[in-house]
Amino acid sequence: MASGKKPTGFRVVGKPHRKVDATAKVTGVTRFADDLFLPRMLFAKLLRSPHPHARIVSIDTSKAAALPGVKAVLVGKDLPIPFGILPVSQDEHTLALDKVRFVGDPVAAVAATTEEAATQALDLITVEYEVLRAFPDALDAVEHPEPAIHDYADAGNIHKLIDLEFGDVEAGLAQADVVREDLFFFEGSTHLPMEQHAAVADWSADGKLTLWSATQTPHYVHRALAKVLELPAARIRVIACPNGGGFGGKSDPFSHEIAVAKLAMVTGRPVKVTLTREEVFYCHRGRHPTLMWVKTGLKKDGAITGMHFKSLLDGGGYGSYGVASTYYTGALQTVTYHVPQYRFQGARAFTNKPPCGPKRGHGTPQPRFALEVHLDKIAEQLGMDPAELRLKHLVPPNSLTANWLRVGTMGLGPCIEKVVRGSGWTQRFKQLPYGKGIGLACSSYITGAGLAIYWNAMPHSGVQLKCDRGGGVTVFCGSTEIGQGSDSILAMIVAEVLGLQPLDVAVVTGDTDLTPVDLGSYSSRVTLMTGNAAIQAAERARDVIALHAGKKLETPIDRVTFAEGRVFDVQDPERGLTFAEAVQLAEAAEGTIGTVGSYTPAPSAGKYRGAGVGPSPAYSYSACVAEVDVDPATGIVRVPKIWIAHDVGRVINAATVMGQIEGSVYMGLGEALMEEMAYRGNRNVVHKIPSLLEYKSPTTLEMCDVVTYVVEDPDPNGPFGAKECGQGPLLPVPPAVANAVYDAVGVRIDEVPITPEKVFKALRRKEKGEAGRFGPTAFPDIAWPEPIRVPPPWEGGDGRAVPGGARPGLAPGVRRR
Amino acid sequence: MLRLPSFTYLQPKVLQEALAMKADAGPDGMYVAGGTDLYPNMKRRHQEPRTVISLMGIPELAGCEMRDARCVVGSCMTLTDLSASPPVRRSAPAVAHAAELVSTPLLRNMGTLGGNLCLDTRCNYYNQSYEWRKAIDFCMKKDGHICWVAPSSPRCWAVSSSDVAPVMVALGADYVLVGPGGERVVPAARFYHNDGINYLTKQPDEVLAAVRLPAPDGWDAVYHKLRRRGSFDFPVLGVAAWVKWEQGAGSRERGRVVEARIVLGGVASWPQEVPEAGAALVGTDLSDEGVAAAADAAYRPAKPMDNTDFDLSWRKQMTRVYVARALAELGQRRRAAT
């Protein structure tokens, strides 16, 4: 059908808009999960393991069950079916079945009439443990295969082993003028959302379960509940409450969510759980501590001839997203600067700590830190300006990388130029007084994962749209508002297409009974995927309305235009109807006006095992310059200012784009300078500092000034050309700070956080004539599998592995001895 | 969420009533002022009083006044008021500055001078929830038998983390205590013990009522604080430096230090005075050599343990830097004034 025309230029898109939920948030009206109170509601608490690694010999809950006020007590055998976010890592139980794997692993759940009674009951549960040797870090787990933390793994306590080779890296290195090897370590950090996880479950008299939860992924929680509770999915409704921050920490199905659901079913009363801050540290799923080794060969002009990258991730006690995280530490090295031959070896170890998973940037900030500091060292070695080295070897737009990632628009060049000009780079780099320095780094990130968590051929995002005869429009989508502004994006996109104001659009999201599936707020996928689905639904509605408006106005349909709440003839704007009148005409003719839209990413180019991680409809690009002040007497580093440029494709909401970029810089700054998931390996592997006070994260007073440049190069795959901006701008911040510290005082801190102790030690070493460096000194020997060999696109092939590569018959998750 | 245990809350109107309430409650009773230390501790079951007696409504403990040229500060003055109080800023700006460096504005609006001076010692084996402490089988400061910081030690090594206390000890302020037996006055230095559990000489039924600051007499003092974040962290090192300058017109020794005290916070279970450092300054004009000698003297006995933020060897190294910087500030101020 010929569609009504959109007027030239955008009316809504690209302008700064107040978020549709902003007023409710700032006036305290928003109802978070912990704000929900239902009649007769019980309160749940979880008993957690005091041991990092132990077998459960027996549990006695009789005294707890007898405590006045206690209505139910659950243990592992009440919920024996395992779950996990990835189909290959179904290794979690709601409550430990036979083993505990970290201090804080849930063991029992109590529901009582008050939170005090539930807390008191926990102390009355007797658990007999047989303590096992605990593994405090990845190196220990690599060295010692026994006792195995899980009864599945690629080798001993190594959960996952990956070896991918794209072309002949050794041949590539042989052609190089300079070959450099470096070692890096990126410490683990957590998301630290202001809202602590909370969930409320209700079991109705007619056998339907409702769960309200602070979750980023209601669809995946829905699936986990159906599996573990053995209920038909149709009998379960999951409502994602507005999240008070997520950052990836609320993307897994969690024990507390399943426990309250089961407790509600057992007691017939609503049950609520609100985690303490300490328990949020135990949920974790944050940044994997990652040890990295990189070897790169380059020509004298900085052209890379080959790159070999190894990573070892400390996964914690469970799989979570870890297999994907491990692939991500090797996936995106190729999308910024041209790498003709590339090899990646990655390993993830199980350890006896809270599980790691996806934190903002998911598996890519670690290798990006390594790569960008590595390149800074190489630039110095080659006598090249670091900005020039990068600019000369950018991946071309609309190209395939060595590992078969399809790059569309590529705005890194303009990003580098913006921050170089803005920061006065050429006048200041290597020219500031001792103690002051500037450093440059770049990055790229996916705009949505090309594949869903579980294999399926269905859309990644769905939208339903209903037009009311009063002129309002309601958009229904399974996406989840976690503060990033996804509800506002839906309203703005629909308003743009239908010529309305965003506040004329009602948004219903994150409710499995009411909204079509969207996979969730992770992988920077929401604006692109829900946006494309919303455009499709809105354009379909526009077509129907335009048809009937055109008849009434006696105007050719291709001249019917939607703007400012009116539907009119673009050549005679006086000839028109209000939007409500136009909807009424359409409804009278066709019945209720409702449309749907959906979005499915194009298939990825790579067809090898492991090709599922890395492909994306579009890649965002960022460049960053950090300025630092280093006090040589103490080693204390302060960051007064950061310049950041981000290629977002197209701005949809100018206010939230700026907010996301600045928020990413803030989070990156915390990881660069201070954040650390610290454990006491010699004291039962307890988390050293599970509190908002002692887990050091910057406050607004520690935040630097930020100069933000938004680069727009519309990508054909994005809604109106938009790409992501919520994660990518975090990535270049830690390496930019590390490079700036070197410029300031001449020492290399090859690990984050860059704490005063490390800078101080490196400065003392330099004074003594040793290498002015702080960082790891070795990468362990790991028995890698035979590599999967995939010829890069320029060597022919079709994106598949060539024979003789992958070890035959070895499926992921199969244990090898 | 982490919940407070149930307790009875009493609000006496005069000090004698508070003392009587404490006598009635016995060992299960505790005084509270702003509550910024006690209530979080109660949530973690560090202190488990059944009766909590508020001192905030007692007029005798509020405000401050000048008496015989000495500023006398009521213990229930909030840290916000203390840092802004004109008599305090005139008599001892270092006290106002230290108060201003405590935690956040919100906490300073509730927290009091008395609370900061009596602050429970801190340790990251101790300042944890009941469940966390259970995972390490507790520690001797509460519910257990061992000091995890120094497992062979017979004593607790929790850290004095007050910002104002080191300044009071350096100044030689006097604390006024009121108990069932009446009033007694103790010098600030004698109010503290170097023991993480019994860190105060105050008896549980005594109330710290007021602090008498010394009269101006040719002395000057500064406080420097080391912490991760200027926005709200406890000190991992506090340096209070007090010097008394030579007095008298025409003296050729004018500009010389006649007496000095260096007191460190955050490195022991009490505000740790380093007499050798003070002695090293006597007779100097706080020129570079004197400062370096004092900084070195302060560095040697500082014994930070692995129970606060930051690496302990770095914290020890920083003693030298921070003492030198505190003394440099005093020297610059003197030179600017003369």
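User: What makes E9, E10, E11 and E12 of chain B an open sheet, and in which order do they stand?

Analyst: The four strands lie in the order E9-E10-E11-E12, and their pairing is antiparallel. Strand E9 (219-226) and strand E12 (272-273) of chain B are the edges. Each has a single partner strand, so one side of each lacks a neighbour in the sheet. A strand here is a DSSP run of E with at least two residues; a helix is a run of H or I with at least four; both are numbered from the N terminus. This is a predicted model, in which local features need pLDDT of at least 70, side-chain atom pairs count only at pLDDT 80 or more, and totals for chains, interfaces and linings use all residues. Residues are numbered from 1 along each chain as its sequence is written, while chains are lettered from A and ligands numbered from 1 in the order in which they are written.

User: Why do strand E11 and E12 of chain B count as paired?

Analyst: Two strands pair if DSSP finds at least two bridges between them. Val263(B) stands opposite Glu273(B) in E12(B). Leu264(B) has Gln272(B) of E12(B) as its bridge partner.

User: Which helices pack on this sheet of chain B?

Analyst: Helix H9 (residues 164-171) of chain B does, touching E9, strand E10 (237-245), E11 and E12 of chain B. The direction of H9(B) makes about 20 degrees with that of E10(B). Helix H12 (residues 312-337) of chain B packs there as well, touching E9, E10 and E11 of chain B. For H12(B) the angle with E10(B) is about 35 degrees. Touching rests on contact, where C-beta atoms placed from the backbone lie within 7 Å. Axes are lines fitted to C-alpha atoms, for helices over the stretch in contact, and angles run from 0 to 180 degrees between N-to-C directions.

User: How many bridges join E10(B) and E11(B)?

Analyst: Eight bridges, in the antiparallel sense. Lys244(B) stands opposite Glu259(B) in E11(B).

User: What makes E11(B) mostly covered?

Analyst: Seven of its nine residues are buried. Buried means 20 or more other C-beta atoms within 10 Å of the residue's own; exposed means 12 or fewer, partly exposed is in between, and C-beta atoms are placed from the backbone.

User: Which residue takes a positive phi in the hairpin of E11(B) and E12(B)?

Analyst: Gly266(B), with phi near 80 degrees. Six residues lie between the strands of that hairpin.

User: What confidence does the model carry?

Analyst: Chain B averages a pLDDT of 95, and 98% of the residues score at least 70. pLDDT is the predictor's confidence in each residue, from 0 to 100. The model has ipTM 0.96 and pTM 0.96.

User: Which domains make up chain B, and what joins domain 2 to domain 3?

Analyst: Chain B has domain 1 (8-56), domain 2 (59-119 + 159-212) and domain 3 (219-337). The bounds come from an automatic or database domain assignment. The C-alpha centres of domain 2 and domain 3 of chain B are 20 Å apart. In the contact, 25 residues of domain 2 of chain B meet 24 residues of domain 3 of chain B. On the domain 2 side, helix H5 (93-100) and H9 of chain B are the elements that give two or more residues. H9(B) gives the most, with six residues.

Technical notes:
Contact = placed C-beta atoms within 7 Å.
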